[in-house]
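Here are my notes on the two-chain model, point by point. Please read them with the structure open.

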Amino acid sequence: MSSDAIVPLLLTLKVASLATVLASIVGIALGKWLGRHRTFTRNVAESLLTLPLVLPPTVLGYYLLVVLGRNGFIGEWLMRWFGVSLIFTWQGAVIAASIAAFPLILRAARASFSDVDAQLENAARSLGASETEVFFRATLPLAWRGILAGALLAFARAMGEFGATLMVAGSLPGRTQTLSLAIYDAVMAGDDARAESMVIISLIAAVVLLIFAAQLLQRRKHT
Amino acid sequence: MRIAVDIEKKLRDASREFHLCMRFESDADVTVLYGESGAGKSLTVLAIAGLIRPDKGRITVDDRALFDSAHRIDVRARHRNIGLVFQDYALFPHLTVLQNIAFAQNRGWFNRRTVDADARATMASMQLDALADAYPSDLSGGQRQRVALARALASRPRLLLLDEPFSALDSALRDRLRDELIDTRRRAGIPMIVITHNADDVAAFGGKLVRVRDGRVAD
């Protein structure tokens, strides 16, 4: 593997991992909040939260620029109080990738939580568990397979993020140029050999992640 | 111990409307709620445990109100200190027998692997030692029933509720486990309310009989 591919690969792994962690925390919390009862309001909320999955990534990138940019309300606040800007940074790429990947975790989490037998949560309550204890000792251990499968898909999605990342973080080699951006760059520059090696890496990573996710959803001993 | 229940709850779904209106008192060691399935026995027990909320009424154990709509009292399930054995046992499938039994004594966010002597003692008293590291999916129906009972007892409840504890078992096993339950209860000295639709259970348990029909106590 050429060293040309290693730098974007490592950056991609860093960005996708952090984005998945971020998306998991928010996705699990919101998935729990949406809950098992399908009311109209909650279904509308779930639809709105799923938007990043179906919107063109450029639309997502546009809104991220609006919010995180120099005049955006978070961007301005960050600049005024911390003197930092997320635009054209790898941290900005993390934000873009996590928002693009987040609906995959949210939907997996909500579905997995709904599948948990409510009677088991009641059993935990009757044994003196607080709601936090019920969540960490009954609900989450019973739902983790589905959530982890969702997280793997989210990781794959984050690895492949292109449009929103390009708009928010740009394509700065060594700094914000992830694998998918580097492939585009290489093809545009006519460097087919470099593009090919990175395409193969991406392909292998995606296939491995999908196989793992499928395995997780299949094996269900004890849970 | 004196248990007084006087509750109402309306339930509605697409196919039917059910009106629960239960009123009974008991100071017996064993109180049997007897009636056909769908009569409202399970709802009553879930309400006593604090897992469903009645529309109105009162539930008191001795002189302590667990639920009182007039005074806006509704003690949370986890503070009621009432042991409940569910009809399908509701054992935690991700935990071993020992971890299931120790669930109430473990505090915090994690299901620990090591448990204190108390849970082991309860397990031993129910002759479940050999199964300590087994998972519920490996157990027979009778073993599951025993684990569920041990788990409820290990929380040191002041009242034990059992919802059709033998319905999943064949009749020979049923007779044996019933005797075992009566014996265990006597040793633990905890009053219990047991639900059944089986006339043999009623005869064997003795105690106070409450006949339930269509959501009410039948005369």
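1. Start with the charged pair between the chains. The side chains of A:Glu133 and B:Arg107 form a salt bridge, with N to O at 3.1 Å. The model is a predicted one, so that distance is a computed value, taken from side-chain atoms that count only at pLDDT 80 or more. The rule finds one salt bridge across the interface of chain B and chain A. A:Glu133 and B:Arg107 make that bridge.

2. Polar contacts come next. Across the interface of chain B and chain A, seven residue pairs are in polar contact, both partners being at pLDDT 80 or more. On the chain B side, three elements each supply at least two of the residues that touch chain A: α2 (77–80), β7 (82–85) and α5 (141–154). By residue class, the side of chain B that touches chain A has 15 nonpolar, six polar and four charged residues.

3. How many residues of each chain are in contact at the interface? From chain B there are 25, and they meet 21 residues of chain A. Interface size is often quoted as the accessible area lost when the parts come together. Here the area buried between chain B and chain A is about 2,200 Å². Carbon and sulfur atoms give 62% of that area.

4. Now the overall build of chain A. It has 10 helices and zero strands. The C-alpha trace of chain A spans about 65 × 45 × 30 Å along its principal axes. Chain A has 223 residues, and 47% of them are buried. Of the contacts in chain A with a separation of 6 or more, 73% are between residues 24 or more positions apart.

5. Is A:Thr165 buried or exposed? A:Thr165 counts as buried because its relative accessibility is 2%, and the cut-off for buried is under 20%. A:Thr165 lies in helix α8 (residues 163–169) of chain A. Leaving aside neighbours within four places in sequence, A:Thr165 contacts A:Ala93, A:Ala96, A:Gly170 and A:Leu181.

6. A:Glu76 has a relative accessible area of 38%, so it is partly exposed. That class lies between the 20% and 50% cut-offs. With neighbours within four places in sequence set aside, A:Glu76 is in contact with A:Gly69, A:Arg70 and A:Asn71.

7. In chain B, look at strand β3 (residues 30–34). Five of its five residues are buried. Which residues cover each face of β3(B)? On one side are B:Val30, B:Val32 and B:Tyr34, and on the other B:Thr31 and B:Leu33; all are buried, and both faces are covered.

8. Last, the partners of β3(B). Strand β9 (residues 192–196) of chain B pairs with β3(B) in the parallel sense, over five bridges. In that pairing, B:Val32 stands opposite B:Val194 in β9(B). Strand β10 (residues 208–213) of chain B also runs parallel to β3(B), joined by four bridges. There, B:Leu33 stands opposite B:Val210 in β10(B).

Technical notes:
Residues numbered from 1 in each chain as written. Chains lettered and ligands numbered in written order. Predicted model: local features only at pLDDT ≥ 70, side-chain atom pairs only at ≥ 80, totals over all residues. Heavy atoms only, no water. Contact = heavy atoms within 4.5 Å. Buried area = accessible area lost by both parts, 1.4 Å probe. Salt bridge = Lys/Arg side-chain N within 4 Å of Asp/Glu carboxyl O. Polar contact = N/O pair within 3.5 Å; in protein donor to acceptor, adjacent residues only side chain to side chain. Nonpolar A, V, L, I, M, F, W, Y, C, P; charged D, E, K, R; others polar. Buried < 20%, exposed > 50% of the residue type's maximum accessible area, 1.4 Å probe, protein only. Pairing = 2+ DSSP bridges.
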